[in-house]
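Hi,

Here's the structure I promised to pass on. Have a look at it first, and then read on for what turned up.

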Amino acid sequence: MRGRYRSQNEFLCDNILVQGDYNYFTAFPEFTTMCNYIRTLSIRCYQMLFDLYEPNNGLSLLEIPELEFGGDYEIISQLEDFMFSMIESCLNATVRVTDPIKDSAKLIEETQQRIHFPQIEYSNITEKPQENFSDKVDAMDLNFAPKLRIKHNAIKEWVNEKISRIPGIFFQDDYMHELGIDPKTQLISIYRNPYSYEIHNIEYEDWEVRGDMTIPPLLELDATPVEVVDSEEKMKHLVSVLQTCRFISVSVMQHHYRSYLGYCSVIMISSPTTDYIVDAIKAHDSCWMLNEVFTNPAILKVMFDAAEPLLWLQRDFGVFLVNLIDVQLALTMLGEKKLSVGDVLKAQLGIYINMRYKRADWRTRPLTPEMELFVRQTTHYNLSITQTLVGRLRSLSNRHINRIVEVLSTCNEMCLATYHKPVQTYETGETALAELGLLLTPVQKTIFLSLYYWRDVVARELDESVQFILPLLHILRVVDAQPQTVEALQQALTPMSEVVARRIDRLMSIVRQCAGAKATDKNIFPLIVQEGCANGTDILKQILENDRCLFNGIAITDVSFPATATLQQLTEYEANEARSNAQDLQIRINRGRFRLLSSSDASADKFLVYTPNTLPYNPSAPFRNALPYIPLQFTPTGVAIDPVIPKEFVNPCVERFVNTINETLAPGLLEEQRLIREQLHLDHIQSELQHLGSVVEDDTIALTPDAEQLIREFSEESGIAVPEGLPPCSLKEIYQLPHKKNAEEKEKEKERELKKNEKGGAASLDISKLLGVESTKEMSDDQFMSHIGWTEEQDEVFASASENIMYPFTKE
């Protein structure tokens with residue numbers, strides 16, 4: 001494996017690519033594999049160095065997602081700084097060394113202090129706090145039911161329904177993040193976010209829309225009161241205090257190394273005046289009360305990189321979020337490049353934060369001074385940073401677009417996400433291999449997949465992380481060595497966890513069974529693990545028996561629908577943009593194949609899919625290149641499954657989800673859709689809604705022969721201007737019909753148009769020449785568009801915007 005890459009690595013080093021070329025070559029799998037492999041080699045070296053510096057650190061660098069891009073990169077950058085600083089210190093100290101051991105220890109300590117790289121002492125806590133939780137999440141059950149106890153701040157009642165796992169490919173992206181989808185397995189636990197209706201129908205406070213975020217002067221950490229919340233009484237008091245705040249800052253620290261799913265250990269909350277450290281271990285059974293504050297739409301919650309923490313709160317306490325602003329997401333939308341907490345605090349406030357403490361052992365009680373400093377820094381400054389961000393967004397807003405509301409809406413879409421448990425499938429290990437850039441022999445690949453799956457099964461059995469059981473670096477050592485004896489296996493796995501030490505013989509039997517693997521033996525690794533664990537505990541056997549994604553498999557049955565259309569009719573159907581679902585079905589019958597995928601005999605586990613003849617079909621990966629076939633039609637209550645296919649092929653879970661979507665549609669939206677259909681006398685709306693909940697921009701419609709006259713009558717009655725190019729040919733064009741404007745607004749538009757004409761508008765300019773004029777080279781985009789008459793002057797924008805109640809800005 002190494003020899004194969006030696007010459008390629010030499011070639012790559014001699015031919016460094018510029019950014020544009022790199023982006024081009026990443027489209028080629030071979031190049032991407034090479035880059036991933038070089039990345040893997042680099043991180044393996046850093047892992048060995050880090051293990052030498054901080055033994056028992058519990059970090060598996062290869063398994064940190066996007067290590068080179070995210071805030072966790074500081075782990076590597078700080079290690080580099082320390083190594084180079086140590087070299088510098090040693091070179092400067094060689095002339096005055098008297099006692100090498102003592103002087104070396106002193107030199108290390110001085111260097112650590114100088115570059116803010118203290119050695120973290122990892123505690124040897126043996127007990128598991130999660131065993132004392134009254135509502136511990138079961139790691140063995142693949143499904144997850146929401147733990148919501150009380151739906152605080154509810155507008156619409158929510159009822160927890162029966163859980164059923166179905167493939168995520170059956171849902172449009174607009175709804176996928178609401179359903180707890182595992183992006184690697186495409187499996188979901190079918191429940192919708194309990195606060196979906198409240199999030200979709202949120203009404204922001206006037207001060208939020210205006211950007212009127214006034215906070216008291218920022219106090220230093222030492223001057224800010226800090227309270228520890230570790231009991232039910234203190235939690236009730238905290239909730240009552242936070243209910244009076246306009247905005248709060250929140251962060252969550254999780255412990256994951258000695259738990260399969262992980263659990264929240266500390267919840268940090270900062271109000272404008274006080275910092276609160278919530279001990280989520282001692283007060284675990286009371287943390288659900290925070291839901292009343294976190295779902296209050298009148299309180300703005302400020303978080304930094306909230307995507308994972310909001311899922312942790314759901315998993316452990318049934319706490320959801322409504323009305324959120326994510327500082328990192330807001331910075332991204334503003335075009336900022338440096339997005340980590342450390343970079344933002346350093347750039348905006350000149351404050352250093354040691355991000356390595358993010359992965360400290362947060363079970364430690366009491367918290368060390370360094371841990372308390374770190375967790376307070378993650379929230380204490382966020383309100384001040386957000387105030388600055390809101391000011392920038394406010395300055396970029398105009399009467400057409402409120403950038404503040406735009407960011408708030410985008411951030412609140414994150415709140416729709418729902419927690420799901422990790423699931424092992426045939427694709428999970430394959431995906432890891434691709435990310436590592438490994439090209440393995442059949443035996444090596446089988447060893448990798450077997451050990452990768454074995455550690456997941458054992459981790460679930462013992463409620464430990466997979467990194468604790470068997471780090472990925474150790475798996476790669478075994479893959480490289482392919483040991484033949486127990487001694488050789490022990491050497492490859494050193495240092496090993498006590499779990500591996502007790503089960504070394506079982507691991508050796510798995511490795512030996514993999515030795516006979518052939519290229520034709522696809523997906524044999526689950527059977528090898530199952531056989532190797534045959535004499536395991538009852539819990540282990542139960543996990544293996546219940547791993548439906550690996551052992552039960554998916555039954556594939558061809559489905560035939562009657563083909564009733566002639567070739568001439570099919571040609572006419574394809575040419576007709578307003579074809580019906582029945583006509584579309586005939587086209588699909590002629591152009592591809594239908595199959596029924598079943599993971600059990602239950603109707604809830606059967607799904608109808610369609611594969612066009614133009615796409616390859618792989619029986620070992622039945623979801624690949626398979627499109628879900630769920631024909632939908634518009635109804636007075638929203639959308640419904642078209643009876644064009646027999647009821648037996650309609651999955652009841654999908655049907656229930658469609659009904660749930662209809663129930664959450666706001667009455668105003670339904671009335672608007674009904675009004676448009678009735679007033680325009682639409683005969684039919686052809687929808688190609690392959691995925692649930694989608695609204696395709698080019699959904700075609702067919703109008704009656706006298707549609708143009710009817711539209712003009714509707715326009716006169718409703719006061720809606722009729723655009724050019726009637727009749728409209730898509731729903732998008734209908735929804736883009738401009739709103740009625742009053743006479744006063746029209747007068748103002750005429751006056752502004754007159755001013756533009758006096759200055760000289762775009763019509764009198766040759767823009768292609770203007771782009772090269774020296775006087776416009778230094779103009780911003782807004783200044784340039786104003787110069788050629790495409791936008792109003794800034795004074796006019798603010799004057800107009802201040803009269804608009806939706807965007808009540810005033811020029812400062």
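A quick definition before the sheet: two strands pair if DSSP finds at least two bridges between them. Also bear in mind that this is a predicted model.

So, the sheet. It is open and has six strands, in the order E4-E7-E6-E5-E8-E9, and the pairing is mixed. Strand E4 (226–229) and strand E9 (324–326) are the edge strands, each pairing on one side only. From one strand to the next, the twist averages 25°. At the E9 end, strand E8 (residues 300–303) and E9 run parallel and are joined by three bridges.

Helix H9 (residues 232–242) lies across E4, strand E5 (247–255), E6 and strand E7 (275–279), and runs at about 145° to E7. Helix H15 (residues 382–395) lies across E5, E6, E8 and E9, at about 125° to E5.

Next, the aromatic rings. Rings of Phe, Tyr and Trp pair if their centres lie within 6.5 Å, and planes over 60 degrees apart count as edge-to-face. By this rule there are twelve aromatic pairs. One of them is Phe133 with Tyr263: the ring centres are 5.6 Å apart and the planes stand at 85°, so this pair is edge-to-face. What does the pair tie together? Phe133 lies in the loop between helix H5 (100–114) and strand E1 (165–167), while Tyr263 is in strand E6 (residues 263–270), so the link is between parts 130 residues apart in sequence.

Another pair, Tyr357 and Phe374, is tilted, with 6.5 Å centre to centre and 40° between the planes. Tyr357 sits in the loop between helix H13 (341–349) and helix H14 (369–380), and Phe374 is in helix H14, 17 residues apart. Tyr357 is buried, at a relative accessible area of 7%, and Phe374 counts as buried at 2% relative accessibility.

There's also an aromatic cluster, formed by Phe561, Phe594, Tyr610, Tyr629 and Phe649.

Last, a couple of charges over rings. The charged end of Lys151 sits over the ring of Tyr195, 5.3 Å from its centre. For Lys156, the charged end sits over the ring of Tyr197, 5.7 Å from the ring's centre.

Cheers

Note on methods. Residues are numbered from 1 along each chain as its sequence is written. This is a predicted model: local features need pLDDT of at least 70, side-chain atom pairs count only at pLDDT 80 or more; totals for chains, interfaces and linings use all residues. Side-chain values use heavy atoms; hydrogens and water are left out. Rings of Phe, Tyr and Trp (its six-membered ring) pair if their centres lie within 6.5 Å; planes under 30 degrees apart count as stacked, over 60 as edge-to-face and the rest as tilted. Helices (H or I, at least four residues) and strands (E, at least two) are DSSP runs, numbered from the N terminus. Buried means under 20% relative accessible area, exposed over 50%, partly exposed in between (1.4 Å probe, protein chains only). A charge sits over a ring if NZ of Lys or CZ of Arg is within 6 Å of the ring centre and within 35 degrees of the ring normal. Axes are lines fitted to C-alpha atoms, for helices over the stretch in contact, and angles run from 0 to 180 degrees between N-to-C directions. Contact means heavy atoms within 4.5 Å.
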